[in-house]
Amino acid sequence: MERGYHALLDFSLSHEQTQLQSMMKKFTETEILPFIRTWDEDHHFEMPVVHKLAKLGLMGVCIPEKYGGAGMDYNSLAIVCEELEFGDTAYRTAVSVHIGLNSMTLLQWGSEEQKQKYLFPQAQGKKLGAFGLTEPDAGSDAGSLRTRAVRDGDSYILNGTKLWISMASFADHFLIFANVDPTKGHRGITAFIVERTFPGVTTRPIRGKLGIHGGDTGEIILEDVRVPLANRLGEDGEGFKIAMSALDNGRFTVAAGATGLIRASLFASVRYAHERKTFGVPIAQHQLVKQMIAKMEAGYQTSQLLVYRAGYLKNKGVRNTRETSLAKWIACDAAFASANDAIEIHGASGYSNEYPVERFLRNAKALVIYEGTREIHTLMQADYALAFREDQPLNRMLPAWHERDE
């Protein structure tokens, strides 16, 4: 290609994305921020917030219009997650599990019948989806699931317990991962769409969490739950592969949300640094305060670029496990560090919920644990760099944004 005709990197948002961002900022300012301190104190999840997101078409923001969604690109999902977490982690989490872990997995792996029955109402926000992988003895070691699925004619019988399930108390549909053959390890895992109304399904909330007090987290107990063959997602033994691809999408939304938490910590810190005076000057004039604020700014800009790169690859239909893992690791680490520094800047006041930064730190701790701990992502990135790990295209890729409706 001749000089002057090379394509340029474009870091700007589209007109549609800019409008979405503006709408989400206003939504968070009016629907979450005025009330979140009370909701957090009361350990209350405000379900009407989800209903309002659904009315705006945002519970299916990146799902194709033919399946009831808004048909926007994957970085638009990132924008929604960032702005929601600026308000509070609880509402970004609701979108993460509903869209990132559940609906996008149905879009990628579901049959046409499953998409019509389950994805369509979820994208419209008429039904809520959740994700059931973690168990009491299977977190990072997802291949050692004890939940069993036994074939019985045209059905499977499921027994087991899922733990730390976001939106367990509110979801209508669960993606459940169970072992059909424990002798095969992760190759024996199969995925199922389980409705809350199936006999034998019960849920129980988890109390006493360190953070995300305004969010819902619980257990799913499965006791002789009969699941039709039509509700198996993919084939027998494909469950581990499906779960890992779902986590690629979930981690993307978590990383995007983490950028919102960094920005919230930065916003609160800058405002307080201008207001608070010591030794006769605003603390914004003190070098160590400036250093902490500079780290927040660097963490925000770096994390957002990593998220948008992963979203760019998703839009192109390219596998992005490596890039999404890096974005999740860096953004969530930066969110925790930023929240911690925000408390330092606020001093003793930061230890009280008079200011939001103590909530930021409590919430940020979850980000470095779920959807792959920071240690798991550290090992993943080392294995990629050392050429111990290389990802291949899946037999069913997440549809590229620009061609999925063709």
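Student: With which residue does Glu82 form a salt bridge?

Tutor: This is a predicted model, in which local features need pLDDT of at least 70 and side-chain atom pairs count only at pLDDT 80 or more, while totals for chains, interfaces and linings use all residues. Residues are numbered from 1 along each chain as its sequence is written, and side-chain values use heavy atoms, with hydrogens and water left out. A salt bridge requires a side-chain nitrogen of Lys or Arg within 4 Å of a carboxyl oxygen of Asp or Glu. The closest N and O atoms are 2.6 Å apart in the salt bridge that Glu82 forms with Arg263.

Student: How many residues apart are Glu82 and Arg263?

Tutor: Helices (H or I, at least four residues) and strands (E, at least two) are DSSP runs numbered from the N terminus. Glu82 lies in helix H4 (residues 74-87) and Arg263 in helix H7 (residues 239-275). The pair links distant parts of the chain, its members being 181 residues apart.

Student: Is Arg263 buried or exposed, and what is its relative accessible area?

Tutor: Buried means under 20% relative accessible area, exposed over 50%, and partly exposed in between (1.4 Å probe, protein chains only). Glu82 and Arg263 are both buried. For Arg263 the relative accessible area is 15%.

Student: Which residues are linked with Arg263 in a network of salt bridges?

Tutor: Arg263 also meets Glu83 in a salt bridge, at 2.9 Å from N to O. Arg263 lies in helix H7 and Glu83 in helix H4, so this pair ties together parts that are 180 residues apart in sequence. Glu83 is buried, at 2% relative accessibility. The residues linked with Arg263 in the network are Lys25, Glu82 and Glu83.

Student: What is the relative accessible area of Arg146, which meets Asp137 in a salt bridge?

Tutor: The side chains of Arg146 and Asp137 are 3.3 Å apart, N to O. Arg146 is exposed, and its relative accessible area is 62%.

Student: Which element supplies the largest share of the lining of the largest pocket?

Tutor: On a 1 Å grid over the protein atoms alone, a pocket is an open set of points where a 1.4 Å probe fits, with protein on both sides within 12 Å along at least five of seven lines; lining residues have an atom within 4 Å of a point. The largest pocket has a volume of about 1400 Å³, taken as the space filled by probe spheres set on grid points joined across faces, edges and corners. Its lining comprises 49 residues, with Thr134, Leu247, Tyr370, Glu371 and Gly372 nearest the centre. The largest share, eight residues, comes from H7.

Student: Which helix gives the most to the lining of the second largest pocket?

Tutor: The second largest pocket holds about 740 Å³ of space. Of its 21 lining residues, those closest to the centre are Asp10, Ser12, Asn75, Tyr308 and Tyr312. Helix H1 (15-31), H4 and helix H8 (287-316) each supply at least two residues of this lining. With seven residues, the helix that gives the most is H8.

Student: In which helix is Leu305 found?

Tutor: Leu305 makes a nonpolar surface patch of about 400 Å² together with Leu9 and Phe11. Leu305 counts as partly exposed, at 48% relative accessibility. The helix in which Leu305 is found is H8.

Conventions:
Patch = residues over 30% accessible without salt bridge, like charges linked within 9 Å, V, L, I, M, F, W, Y side chains within 5 Å. Areas by Shrake-Rupley, 256 points an atom, 1.4 Å probe, with all protein chains shown as cover.
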